[in-house]
Amino acid sequence: MDDISAGEKRKKELILRILTIDIGNTAVKGSVFEDGKLLESILLETRDAAAIGMLARRHSPDGAICCCVGQDADDFVAEMETETGLEVMQLTHDTPLPIDVKYATPGTLGLDRIAAAAGASLIADNAIVVDAGTAITLDIVCGNTFSGGNISPGMRLRFRSLNHYTSRLPLVPPAGSLPSFGYDTETAIRSGVVNGIVAEIASAWRAACAEYPGMHLLLTGGDADFLAPLLREKGVELRQVSSLVGLGLERIFRYNK
């Protein structure tokens, strides 16, 4: 009887499913993973704890972790704990990590970049991680080590900046005619922004391939679906990973728990 009880207790202690919450600058992504496999993810335009709670009830996770960029998330985390019935671990710059971080100012390194790097090293030994969101980050992860990277404005931020900081340039949507050189103001702006981003990412990928052997490009973020085919047209070999930050958060949670 004692052996059976101990076995049952151990089974209950095993953490099988993890709820991850990625709180970005413009959206919140909730995901549920089971041993590295994504079961479901939802993308929210606002900090909707009730929606996260519904996701949790559909999958009954055993643990939860979140990371937040930008403004403080303590109140939102408290709401999520009420909705999910789980203690939500918050990723901070003091959290023990399953990867090494070689960055001169680790305290300023975005928590989402840390999580994405932790996820990337599960997929490839050497990777350039491109997160195309409000900002575009291009980070090098080699041999389970975050080595650094670049940050530039994201696609919609570039469109809005041209509109906001000029007197006559319109706000142009990303979708539409995309010639090599624009034939009117709208196509000139769209081609300049979109083709510029594609060229930026392609150049970084080729530079990374030249410096590191066996380099893989992992693309994630809100604009990944839009950019992936354009990058492939330019000969960039990539793998699209929609919940890379969530995958890294799951890994960090397991490492600590």
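This is a predicted model: local features need pLDDT of at least 70, side-chain atom pairs count only at pLDDT 80 or more; totals for chains, interfaces and linings use all residues.
Me: How many helices and strands does the protein chain have, and what is its radius of gyration?
Reply: The protein chain contains eight helices and 11 strands. For 257 residues the globule rule gives 18 Å, and the chain comes close to that value, so it is as compact as a globular protein of that length. Its radius of gyration is 20 Å.

Me: What percentage of the residues of the protein chain count as buried?
Reply: A residue counts as buried when its relative accessible area is under 20%. Applied to the 257 residues of the protein chain, this gives a buried share of 46%.

Me: What accessible surface does the protein chain have, and what share of it belongs to carbon and sulfur atoms?
Reply: The accessible surface of the protein chain comes to about 13300 Å². The share belonging to carbon and sulfur atoms is 50%.

Me: How far apart do the centres of the positive and negative side chains lie?
Reply: The protein chain carries 24 positive side chains and 33 negative ones. The distance between the centres of these two sets is 4 Å.

Me: Which element gives the most residues to the largest nonpolar core?
Reply: The largest nonpolar core has 30 residues, and those with the most contacts inside it are Ile 128, Val 130, Ile 201, Leu 217, Leu 219 and Leu 231. Two or more residues come from each of strands S7 (126-132), S8 (135-142) and S10 (216-220), and from each of helices H5 (155-164), H6 (185-211) and H7 (224-233). The element that gives the most, with 10 residues, is H6.

Me: How many residues are in the second, separate core?
Reply: Among the members of this second core are Cys 67, Leu 111, Val 241 and Val 245. The number of residues in it is 26.

Me: Which residues does Leu 217 contact, leaving aside its neighbours within four places in sequence?
Reply: Leu 217 is one of the residues with the most contacts inside the largest nonpolar core. Its partners beyond those neighbours are Ile 128, Val 130, Ile 201, Trp 205, Val 236, Glu 237, Leu 238 and Arg 239.

Me: Is Ile 23 buried or exposed?
Reply: Ile 23 is found in strand S1 (residues 17-23). Not counting residues up to four places away in sequence, Ile 23 touches Val 28, Arg 47, Cys 67, Cys 68, Val 69, Ala 73 and Phe 76. With a relative accessible area of 0%, Ile 23 is buried.

Me: Which elements are included in what covers the buried residues of H7?
Reply: The buried residues of H7 are Ala 224, Leu 227, Ala 228, Leu 230 and Leu 231. Their cover includes S7, H6, S10 and strand S11 (238-240).

Me: Which residue with a positive phi follows H7?
Reply: The phi in question is near 85 degrees. The residue that follows H7 with this value is Gly 235.

Me: Is Asp 223 buried or exposed?
Reply: Asp 223 has its place in the loop between S10 and H7. Beyond residues up to four places away in sequence, Asp 223 touches Ala 132, Gly 133, Met 155 and Arg 156. At 7% relative accessibility, Asp 223 counts as buried.

Me: What is the phi of Asp 35?
Reply: Most residues other than glycine have a negative phi. Asp 35 lies in the loop between strand S2 (28-34) and strand S3 (37-44), and at 58% relative accessibility Asp 35 counts as exposed. Although Asp 35 is not a glycine, its phi is positive, at about 50 degrees.

Me: Is Ser 60 buried or exposed?
Reply: Ser 60 lies in the loop between helix H2 (49-59) and strand S4 (63-68). Phi of Ser 60 is positive, near 50 degrees, in a residue other than glycine. At 52% relative accessibility, Ser 60 counts as exposed.

Me: How far apart in space are Val 172 and Ile 189, C-alpha to C-alpha?
Reply: Val 172 has its place in the loop between H5 and H6, and at 4% relative accessibility Val 172 counts as buried. Leaving aside neighbours within four places in sequence, Val 172 is in contact with Phe 159, Glu 186, Ile 189 and Arg 190. Val 172 and Ile 189 are 17 residues apart in sequence, and their C-alpha separation in space is 7.1 Å.

Note on methods:
Residues are numbered from 1 along each chain as its sequence is written. Side-chain values use heavy atoms; hydrogens and water are left out. Helices (H or I, at least four residues) and strands (E, at least two) are DSSP runs, numbered from the N terminus. The radius of gyration is taken over C-alpha atoms; the globule rule is 2.2 Å times the number of residues to the power 0.38. Buried means under 20% relative accessible area, exposed over 50%, partly exposed in between (1.4 Å probe, protein chains only). Accessible areas come from the Shrake-Rupley method with a 1.4 Å probe; for residues, only the protein chains shown count as cover. Lys and Arg count as positive and Asp and Glu as negative; His and the chain ends are not counted. The place of a charge is taken as NZ of Lys, CZ of Arg, CG of Asp or CD of Glu. A nonpolar core is a set of buried Ala, Val, Leu, Ile, Met, Phe, Trp, Tyr and Cys residues joined through side-chain atoms within 4.5 Å. Contact means heavy atoms within 4.5 Å.
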